[in-house]
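Student: I would like to learn how to read a protein structure one feature at a time. Could we take the ideas slowly and look at each case together?

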Amino acid sequence: MTRFISIASAAALVLGAGAAMGFEDIADQYPQSELYAKPYEVIPGVYSAIGATAPPTYENSGHNNNLSFIVTGDGVVVVNGGASARLAKALHDEIKAVTDQPVKLVINENGQGHAMLGNSYWVDQGVDVLAHVDAIDAFTEEADFILQGMQRYNRDKAEGTRTVTPNLSFEDTYEIEMGGVKIEALHLGPAHDPGDVQVWIPEWDIVIAGDIAFHERMPPIFEGICTSCWIETFEGPFTDLAATYVIPGHGHPTNMAMVREETTGYLSDLREKIGAHIDEGGDLAGAYYVDQEKWKYLDTFEELATKNAGRVFEEMEWE
C-alpha cells in the first residue's frame with residue numbers, strides 16, 4: 001500500500017528550497033540499486049527518484065534526470081522510461097515496494113535517451129508509453145546513435161535495452177483519468193528539446209515539469225534550440241499553471257520561483273551578455289568568454305557554460 005507523508009511536511013520540504021546546493025561530486029546515493037537515489041514522496045501520491053546532476057556515467061547508470069511516478073486509486077503513471085531497461089526495472093521494483101497498483105502508463109518527457117531508452121522494459125510489461133509527436137520524431141531519427149552512446153558509458157548495464165518508440169502520441173494535451181485523479185500531459189510550446197512534455201495534476205497543484213525547468217544544474221543549450229522561445233513558453237503558459245510544487249527535469253523538487261531563477265533567469269542573463277557582446281562587434285571566439293560567474297554554483301557549469309555561450313551567439317547573431 002502507498003505510504004503518505006503529510007502535506008505540511010511536503011510543503012516545508014519543497015517550498016523551503018533555498019539557494020541551490022551542488023550534488024555533482026556526491027557518490028551514488030543508493031548503491032544497492034541501479035538508481036542514483038531512492039524515490040521519495042514529494043507530496044502524497046507523487047514520488048520521484050532524483051538523478052545525479054552530473055552527466056550520464058557508468059557510476060550513475062545514466063540516471064541523471066528525474067524518474068517520477070504518480071500513485072492513483074487505480075494504477076500508476078510513470079514519468080520517464082529511464083536510460084536503460086535495467087534502470088527502468090530498478091524503478092519498477094521501487095514502485096512495487098510502495099504500492100500493489102499496476103503501472104498503466106509511462107510518459108516520456110522528451111525524445112532524449114534518459115527519457116526513452118527504458119521504454120523497452122515497460123513495453124515488455126505490457127505498459128502503454130506516451131510521448132509528444134515531435135519527441136517521437138526526434139528519437140526515431142537518432143535512435144541508433146542514442147542507444148550506442150548509452151552502451152558506451154553504461155557497458156554491461158546496457159544489457160537488454162533496445163530502442164522502442166512510444167505507442168501513444170499527442171500534440172497539445174493528453175488527459176488521463178485514473179483512480180479519481182486527473183492528470184494532464186501538456187506540450188506548452190518550444191523549450192529545451194523538441195516535444196518537451198509537462199505533466200500537470202491540477203487537483204494536487206504539482207507539475208512534473210520535464211526539461212522546461214532546471215534546478216541545481218546548468219541548463220544545456222543544444223544546437224538549434226531557440227532560447228527566446230524557451231523563455232516565452234516558460235514565462236507564459238508554464239508560469240500560468242501557477243503550480244505550488246515543481247519537480248524539474250533535473251535537480252530536486254522545488255517551487256516556481258527557484259526554477260524560474262535557474263532556468264529563464266540564466267537564459268535571459270546569458271542572452272543579455274551575448275547581445276551586448278554582439279552589439280560591441282564581438283565574434284564567436286570572444287562569446288565563449290562572456291561573464292557567467294554568477295552561475296558558477298550550478299552543477300555542470302564547467303562542462304556547459306562555454307558551449308552554451310557559443311550556441312546562444314550563433315542563435316542571436318541572426319536575430
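Tutor: Let us begin with burial: a residue is called buried when its relative accessible area is under 20%, exposed when it is over 50%, and partly exposed in between, using a 1.4 Å probe and counting protein chains only. Please keep in mind that this is a predicted model, in which local features need pLDDT of at least 70 and side-chain atom pairs count only at pLDDT 80 or more, while totals for chains, interfaces and linings use all residues. Residues are numbered from 1 along each chain as its sequence is written, and side-chain values use heavy atoms, with hydrogens and water left out.

Student: Is Glu-216 buried or exposed?

Tutor: Glu-216 counts as buried because its relative accessibility is 6%.

Student: Where in the chain does Glu-216 lie?

Tutor: Here we need the names of the elements: helices (H or I, at least four residues) and strands (E, at least two) are DSSP runs, numbered from the N terminus. Glu-216 is placed in the loop between strand 11 and helix 6, the latter covering residues 227-240.

Student: How should I read a salt bridge, and how many are found in the whole structure?

Tutor: A salt bridge is a side-chain nitrogen of Lys or Arg within 4 Å of a carboxyl oxygen of Asp or Glu. A search of the whole structure finds eleven of them. One case is the pair Arg-86 and Glu-34, whose side chains meet at 2.5 Å, N to O. Arg-86 lies in helix 2 (residues 85-98) and Glu-34 in the loop between helix 1 (7-15) and strand 1 (40-43), so the pair ties together parts that are 52 residues apart in sequence. Arg-86 is partly exposed at 30% relative accessibility, whereas Glu-34 is buried at 15%.

Student: What is the arrangement of Lys-89 and Asp-93 in helix 2?

Tutor: Lys-89 and Asp-93 both lie in helix 2, four residues apart, which is about one turn of the helix, and their side chains form a salt bridge of 3.1 Å, N to O. Lys-89 is partly exposed with a relative accessible area of 41%, and Asp-93 is also partly exposed, at 35%.

Student: Which residues are linked with Lys-182 in a network of salt bridges?

Tutor: The network links Glu-175, Lys-182 and Glu-184. Within it, Lys-182 forms a salt bridge with Glu-184, where the closest N and O atoms are 3.4 Å apart. Lys-182 is partly exposed, with a relative accessible area of 31%, but Glu-184 is buried, at 12%.

Student: Which residues are in contact with Ser-120?

Tutor: Ser-120 lies in helix 4 (residues 119-124) and is buried, at 1% relative accessibility. Leaving aside neighbours within four places in sequence, its contacts are Ala-85, Gly-160, Thr-161, Arg-162 and Val-164.

Student: How would I read Gly-51 with these ideas?

Tutor: Gly-51 is found in the loop between strand 2 (46-49) and strand 3 (67-72), and it is buried, with a relative accessible area of 7%. With neighbours within four places in sequence left aside, Gly-51 is in contact with residues including Tyr-36, His-63 and Asn-66. The C-alpha atoms of Gly-51 and Ile-136, which are 85 residues apart along the chain, are separated by 23 Å.

Methods: Contact means heavy atoms within 4.5 Å.
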